[in-house]
Amino acid sequence: MPWHEAAPAKINLFLHVGPVGDDGYHPLCSLVAFADVGDGLTLDPDGAPGLAVVGPFASALAEDPAGPEGNLVTRASEALQHVGVDASGLSLTLDKRLPIAAGLGGGSSDAGAVLRLARRYLAPDMDVTLLAKVAAELGADGPMCLAAVPAWAEGRGDVLTPEPRLPDLHAVLVNPGVPSPTGAVYRAYDALARGEADRPVPPVAWDAGTVMAWLADQRNDLEGPAVLNAPAIGPALEALRQAGGARLVRMSGSGATVFGLYDDAADAARAAQAIEADHPGWWVRATTLGAGPAA
């Protein structure tokens, strides 16, 4: 019987970024949530060893198999060797449903799914803190996407503080079909030299309305640089505003995916339908943000 694991989309509800440090990294502060949409990973106990990629964005990943997302899936399996777990014989299928280079943490989330699935199947008694060390080898987002729960992220994004008080938030995700490579966005950010990695005082209450109003006072310091690099992000932001009902419209991560937050699921669904009708070539999803879906 196949084993399944979800790889949910990661959303930066805000992203405060400081100037690059002497170590070559940018300090940041973010509040991260996970969507109930994303990629999926399947392990077939009777299948041939290797990784197959299917889904609507499989071809985009195949065009650059050595790119960041492809690398992370493979590297996650290989990294398990460092803790004595041999995952080389696993038969894995990645259902790639998230756009590539979209600011949704797709590659890191896929890697987290590989690690969780391999632990369940091969080493169920493994201490999760040991698995988190493996995830950290895969990049700053590794531990965050392994846990897939709402959290404050600081440092390089690897200093995590879980935030269980974050309520579920109704949202619409929109990607206009253009990539937004992280490196290029950070180079544009450095040229502008704006932003600080400040951690805001938390909201006075954690109901959805108060949290959305508080988030509106925060920012994504990479949004301006990303729009300069990928101008199509601007119309996506405007489409969310024009659809109506959004309490907040913002870009996630380094883009190109943008999101709107809504009072309820019905408002989110109406906005998603309107944007899909006006922009049939875009990737649009109504979703709920919170903890990642259970496997």
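Modeller: Buried means under 20% relative accessible area. This is a predicted model.

Biologist: Is Phe-14 buried or exposed?

Modeller: The cut-off for buried is under 20% relative accessible area. Phe-14 has a relative accessible area of 0%. Phe-14 is therefore buried.

Biologist: Which kind of aromatic pair do Phe-14 and Trp-214 form?

Modeller: The structure holds five aromatic pairs. In the pair of Phe-14 and Trp-214, the centres are 5.8 Å apart. The angle between the planes is 85°, and planes over 60 degrees apart count as edge-to-face. The pair is edge-to-face.

Biologist: How many residues apart in sequence are the parts that this pair ties together?

Modeller: Phe-14 lies in strand β1 (residues 3-17). Trp-214 lies in helix α7 (residues 208-216). The pair therefore ties together parts whose separation in sequence is 200 residues.

Biologist: Is the pair of Trp-206 and Trp-214 stacked, tilted or edge-to-face?

Modeller: Both Trp-206 and Trp-214 are buried, Trp-214 with a relative accessible area of 9%. Their ring centres are 6.5 Å apart, and their planes meet at 55°. Planes under 30 degrees apart count as stacked and over 60 as edge-to-face.

Biologist: Which residue has its charged end over the ring of Trp-152?

Modeller: Ring pairs link Trp-152 into a cluster with Phe-14, Trp-206 and Trp-214. A charged end sits over the ring of Trp-152, 4.1 Å from its centre. That charged end belongs to Arg-199.

Biologist: Which residue's side chain makes a polar contact with the side chain of Ser-30?

Modeller: Ser-30 is found in strand β2 (residues 28-43). Ser-30 is buried, with a relative accessible area of 0%. Ser-30 touches several residues beyond four places away in sequence, including Phe-14 and Trp-152. The polar contact, at 2.9 Å, is with the side chain of Asn-12.

Biologist: In which sense do β2 and strand β10 pair?

Modeller: Strand β10 spans residues 283-290. Phe-34 stands opposite Gly-290 in β10. β2 and β10 pair over two bridges, and the sense is antiparallel.

Biologist: How many bridges join strand β7 and β10?

Modeller: Strand β7 covers residues 169-175. Leu-173 stands opposite Arg-285 in β10. β7 and β10 pair in the antiparallel sense, and the number of bridges is seven.

Biologist: Which residue lies over the face of Tyr-25?

Modeller: The distance from the ring centre of Tyr-25 is 3.7 Å. The residue over that face is Arg-156.

Methods
Residues numbered from 1 in each chain as written. Predicted model: local features only at pLDDT ≥ 70, side-chain atom pairs only at ≥ 80, totals over all residues. Heavy atoms only, no water. Helix = DSSP H or I, 4+ residues; strand = E, 2+ residues; numbered from the N terminus. Buried < 20%, exposed > 50% of the residue type's maximum accessible area, 1.4 Å probe, protein only. Polar contact = N/O pair within 3.5 Å; in protein donor to acceptor, adjacent residues only side chain to side chain. Contact = heavy atoms within 4.5 Å. Phe/Tyr/Trp six-rings, centres within 6.5 Å; stacked < 30°, edge-to-face > 60°. Lys NZ or Arg CZ within 6 Å of the ring centre and 35° of its normal. Pairing = 2+ DSSP bridges.
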